[in-house]
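Colleague: I've just opened this one and could use a quick tour. Can we go through a few questions together?

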Amino acid sequence: MSHVLAVDAGWGVTLGIKTVVVLGLIPAGALILGYTFLLKMMSHMQSRLGPMEAGPHGVLQLVADGVKFLQKEDIMPAESDRHVFAIAPAVIVMSTFLIFIVIPAGPKLVVKNLDVGVFYALAVSSLSVIGVLMAGWSSANKFALLGALRAAAQLIAYELPLLLAVVGVVAQAGTMNLQGIVGAQANGSIFGWSGIGNPFILTQFVGFGLFLVASQAELTQTPFDMPVAESELVAGYMVEYTGFRFLFFFIGEFGTAFAFAALAATLFLGGWAIPGVTNTGLMEVLGPLVLFAKLMIVAFLMFWVRFTYPRLREDQLQALAWKVLIPIGLANILVTGIFKVAF
Amino acid sequence: MSATDTPVPRLPELEVDRRAWRHLADAAVGVELDTGDMILNLGPQHPATHGTLRLVVRLDGERVLAADPVIGYMHRGYEKLTEVRSYPQITTLINRIDWLSSFANEVPFIHGAEKLMSIEAPPRAQYIRTILTELSRIATFVLFLGEMGLQVGALTPAFWGFRDREHVLNLIEAATGGRFHPNFNRIGGILDDLPWGWINETRNVMKIVIDSCDVFEDILAGNEIFEARTRSIGIIPGALGAAYGVSGSNLRASGVDWDLRRDGKPYLAYPEIDFKVWTHPDGDSWSRYWVRLQETRESALMVLQLLDQLPSGPIMAKVPRIIKVPEGEIWVETENPLGQMGYYIVSKGATGPFRVKIRSASFSNVSILPWLLRGVYVPDVITILASLYFILGDIDR
Amino acid sequence: MRKPKLPGLIGGLGITFKTMLKGAVTVQYPHEREDPAPRARGVIALKEENCTVCMLCARQCPDWCIYIEGHKEKRPPRREGGRERTVSVLDRFDIDYALCMYCGICVEVCPFDALHWSPEYEYSEFRIAPLLHDKVKLGEWEATVPETEPLELGAEVKGKK
């Protein structure tokens, strides 16, 4: 980051800028996804317009909602475990925040280029389970408790397919570093033709499908939204939350969707890179835009499924994870390994 | 599912100091903790209970051990109210029993009063009544077809249900003046004839309805996730359902071929038209959805048929100015969208009835819930509630 | 039964996508208004000169939301030397729309055609009290009452009342 600004700032200033940028990214991503998909795409799929009054075509609706949430009274249930109840939303947003750290948006445009980037991203994404459990347990509400337990069972079950889906990519790229994976895709070639590089979606399409399904479950979106199931558990673990704490959950939900879409775009669609363009300075500017475009495509797929399907039952979800997705993931790794060795 | 016929025991009173729960978490590690059943209140304010049904569910994990429906949160005392109202006033009240198909509620009552007075409505009035009854059936079912999706988690079809129902409601409004509460039936006929252009408009809307049935069939009935959620969930055996008084599409979905439009005492114009009574052998939630889907289509075809056969003539029989129903008692039942609806009218010769007993379909339909909900999971409770399709006004009256 | 061509999961995605492109059916209410059918029961209009204070409507109303007060007045005879006439004068005719069930019985029973339905619906209020429309306000609605519409083929044409 400091290189972009061409200022040789001290580490403190750099750290400050990075923190502010990432902290700003989460609500910004949540707003973009929330507006484009939750408000507009869903509305049009349901033959309606959605909010139209706040700003042109209602672009400011979520901002207005956010302001409204901030004005609300902060209610804590009488029987709740107050401290845990108060911290839980922050834990969830924290896990989102931590994912953003390793996602590269340009040659140098990354907060921290970790060598175990993929591993780290998937590891911190599961931190949100703790937040969910904290929220559900501390609410002293049976619906919240049921929701939290479902969420815990589900998130643990789907960590595994998520990981297995990524193993194929890692094996093919030969690195866990996200910049390395982007580079491997940009410099790769399909049977000697390197016009579009070699985005791993072509070879790892099974992995991509697995990743989408599993991230859908990680994000507790339909068809895997049992933890928040509107018609069963009302809102699951966040049923007792109001005001800005609820806003935190909302930002966490869509911010995580943003992060996962970015992760999928990086792992399978080639990330920020445009094959053939090697001008580093240009890519620092173009890279984020390219990544954003790819991310929106992935997010469109995720939300399209979300607004079309009914939800599964908890036991069916577990059966799907353990009996279908994990064997497919293992088979995918096996096939990838064979090809890797053979070629 | 454990299918025994033993009655469900009432839930024991819960006597736990709620403060004490907070310290359960502090229990020492390694000590075997007691596991207890959890009692969960679904409702009266719960999105899946269509209003104010309360289900006290005893859970072991997510499995339902016993479910106890508590009704009466919306009791409006219609049976008592009818005793102090005149016959025309009662029609506006009973509109509100099952508010989704209010026109169909009026028909049996007016029919009973007419029979007591030995008046018969002219054929054109009978046909228009039949058309509007079928339209309200379509309005109810189209909403169900979407809303069932909402209950199993698919948000989008619910909005389509509202969208497509709107066309039908517009028709009902254009003919009767009321979208939800038409109050269009009068003793001896109907209030007014159809407005110009209504028949063509209805034909168009019926095409929309049939198309929308196809859409619902593709997006929900044919969806693998939906099937996984509803197939073999909440099976009502035909004989047991009939014993509990379950009626209408819920019973036909259990393979009982019984429809009052065809099998009951002839009423309205039903004897004069052809229609198929759809049944499904399975009796599960999916077949209830499927049967309603087919019946919506069938109703649309029936409306088209009725429009073709619509006779001309008067819409009102000769009726005395002040309506006094002669002394007598009568039981009238009809096939309403939610099931069998009946009125037992006792008249003592006054301008209003002496006593009216209302047999509403939903009340009997939910009576099977304690039996049906034992042993299922919490998400299935919602599926079963949605597929039984009850209206709270129809339960509590 | 129609057989779906595609597996339901894929077909469903296609349906939602098609619907998304088809456009919305929303009516943006304050900017554009929906026209209810001429028969729609929006609000009851009162033609004051037709009312004879017979109280039929007030008595037939299922929830008694019509309040009528009137008094008798002597009027000079029409012809020289004739008897003095007694006419009923309407002092108060209020309909409480907070109570009204929109059943239309009052309109139907009125023997002198003083009450009419109007499809107008924009009279919501922030407080409950202004929902009690007095005879002046009810008289203003009279301008919005639509003409009697033609009936469908096969109807017995009598003209409504």
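**A short tour**

Colleague: How many of the 10 residues in strand β2 (residues 66–75) of chain C are buried?
Modeller: This is a predicted model, where local features need pLDDT of at least 70, side-chain atom pairs count only at pLDDT 80 or more, and totals for chains, interfaces and linings use all residues. Residues are numbered from 1 along each chain as its sequence is written, with chains lettered from A and ligands numbered from 1 in the order in which they are written. Buried means 20 or more other C-beta atoms, placed from the backbone, within 10 Å of a residue's own. β2(C) is hardly covered, and its count of buried residues is one.

Colleague: In which sense do β2(C) and strand β3 (residues 85–96) of chain C pair?
Modeller: Strands (DSSP runs of E, at least two residues) are numbered from the N terminus, and two of them pair if DSSP finds at least two bridges between them. Here there are 10 bridges, and the sense is antiparallel.

Colleague: Which residue in β3(C) is the bridge partner of C:R75?
Modeller: C:R75 belongs to β2(C), which covers residues 66–75. Its bridge partner in β3(C) is C:R85.

Colleague: How many residues of chain C are in contact with chain A?
Modeller: Contact means C-beta atoms, placed from the backbone, within 7 Å. Chain A brings 11 residues, and the number from chain C is nine.

Colleague: Which helix gives the most to the side of chain A that touches chain C?
Modeller: Helices are DSSP runs of H or I, at least four residues. With three residues, the one that gives the most is α1 (residues 11–45) of chain A.

Key
Buried ≥ 20, exposed ≤ 12 C-beta atoms within 10 Å, placed from the backbone. Contact = placed C-beta atoms within 7 Å.
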